[in-house]
Amino acid sequence: GTFFSEFSPEEVTARLWGAGVELDGAVVADRLESLRGWGNLTVSSSVGSPTSLADYYKRRNRYLITRAGREVRDALAGLAAVDVARADAGHLADLVRAVFDPHEAFTSEITQFFAAINQWQSRYDLTPEEFTFFAEVLVGYVAERLDEIERTSRPIGRSLVELGPRVPTIVERANRGLAARVEEAGLGASVTVARAPGSTAGDWALLAGWFVGEPGRPSRITQLGADAV
């Protein structure tokens, strides 16, 4: 229930104490870092406009649950595990939606992260010494996040390549499942069904473009990473 909510170690400690779990703050901080290292948590990219390096570190040290990229990967794995030519069309439509819904959240988070990097380029309030130190910290932070994005996106790209030949069948049968549900509800004559993401081959091509590069055209993730560097 905490997707996209951010918590400092102090806030996590307070919540644990409120739930009757008495842990020392240093222990909580250490365990949060372990969870971040294992990929269960990430650190916030929304540091706002810190007024000092101490303020930057305080805002930087906020944790949130990783979600969207992992859900895209899991949904693709679920789609790859079914016989798309024989699976129930309604179930197939659900599997397609499970791919594209979290992908929208994933791309939104990625875009916000790179937008934040652009905002951090101009820090005229810092002394030359502070700016040098801030830049070193920022470079390390960005490199860490780029590694995290690459780890998430690489298996997604592999899954999309493997699913590529089956996309026409997936699109045709998933659309049939959505239309059948409308008919079964007796709404065929009165309801216009909005086109769902993933209902055309073009949607799948755009999805693949985020994670799979072609000669002369890197993936969207690769291009964003290069821009960040």
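**Note on a predicted helical model**

1. The axes of helix H1 (residues 9–18) and helix H2 (residues 25–38) come within 9 Å of each other and cross at roughly 115°. Axes here are lines fitted to C-alpha atoms, for helices over the stretch in contact, and angles run from 0 to 180 degrees between N-to-C directions. H1 passes H2 in a right-handed crossing. A crossing is right-handed if the near helix is turned clockwise from the far one by less than a right angle, and left-handed if anticlockwise.

2. A word on the basis. This is a predicted model, in which local features need pLDDT of at least 70 and side-chain atom pairs count only at pLDDT 80 or more, while totals for chains, interfaces and linings use all residues. Residues are numbered from 1 along each chain as its sequence is written, and side-chain values use heavy atoms, with hydrogens and water left out.

3. Which residues in H1 and H2 meet? From H1 come Pro-9, Val-12, Thr-13 and Leu-16; from H2 come Gly-25, Val-28, Ala-29 and Leu-32. Contact means heavy atoms within 4.5 Å. By class, this contact of H1 with H2 has six nonpolar, two polar and no charged residues. Ala, Val, Leu, Ile, Met, Phe, Trp, Tyr, Cys and Pro count as nonpolar, Asp, Glu, Lys and Arg as charged, and the others, Gly among them, as polar.

4. Now the whole chain. Its secondary structure comes to nine helices and two strands. Helices (H or I, at least four residues) and strands (E, at least two) are DSSP runs, numbered from the N terminus. Along the sequence the pattern reads α-α-β-α-β-α-α-α-α-α-α. Of the 229 residues in the chain, 38% are buried. Buried means under 20% relative accessible area, exposed over 50%, partly exposed in between (1.4 Å probe, protein chains only). Among contacts with a separation of 6 or more, 71% join residues 24 or more positions apart.

5. The largest nonpolar core has 40 residues. A nonpolar core is a set of buried Ala, Val, Leu, Ile, Met, Phe, Trp, Tyr and Cys residues joined through side-chain atoms within 4.5 Å. Leu-76, Leu-79, Ile-110, Phe-114, Trp-204 and Phe-211 touch the most other members. The elements that give two or more residues to this core are helix H4 (68–80), helix H5 (89–119), helix H6 (128–163), helix H7 (167–184), helix H8 (201–211) and helix H9 (220–228). H5 provides the largest share, eleven residues. In soluble globular proteins, nonpolar side chains tend to be buried together.

6. Look at Leu-79. Not counting residues up to four places away in sequence, Leu-79 touches Val-84, Leu-92, Leu-95, Val-99, Leu-163, Arg-166, Ile-170 and Trp-204. There is also a second, separate core of five residues, which includes Phe-7, Val-12, Val-28 and Leu-32.

7. Leu-146 lies in helix H6. Is Leu-146 buried or exposed? It is buried, with a relative accessible area of 18%. Leaving aside neighbours within four places in sequence, Leu-146 is in contact with Phe-114, Gly-225, Ala-228 and Val-229. Leu-146 and Thr-222 are 76 residues apart in sequence, yet 9.6 Å apart in space, C-alpha to C-alpha.

8. Next, the charged pairs. How many salt bridges does the count come to? Four. A salt bridge is a side-chain nitrogen of Lys or Arg within 4 Å of a carboxyl oxygen of Asp or Glu. Side chains of opposite charge can pair when their charged atoms come close.

9. Arg-97 bridges to Asp-94, with the closest N and O atoms 3.0 Å apart. Both lie in helix H5, three residues apart, about one turn of the helix. Arg-97 is partly exposed at 41% relative accessibility, and Asp-94 is partly exposed at 26%. In helix H6, Glu-150 and Arg-154 are four residues apart, again about one turn. Their closest N and O atoms are 3.2 Å apart. Glu-150 is partly exposed at 40%, as is Arg-154 at 44%.

10. Arg-217 and Glu-214 also form a salt bridge, 3.4 Å from N to O. Arg-217 counts as exposed because its relative accessible area is 51%. Glu-214, at 48%, is partly exposed.

11. Last, a loop residue. Ser-199 lies between H7 and H8. Ser-199 is buried, with a relative accessible area of 10%. Beyond residues up to four places away in sequence, Ser-199 touches Val-171 and Asn-175.
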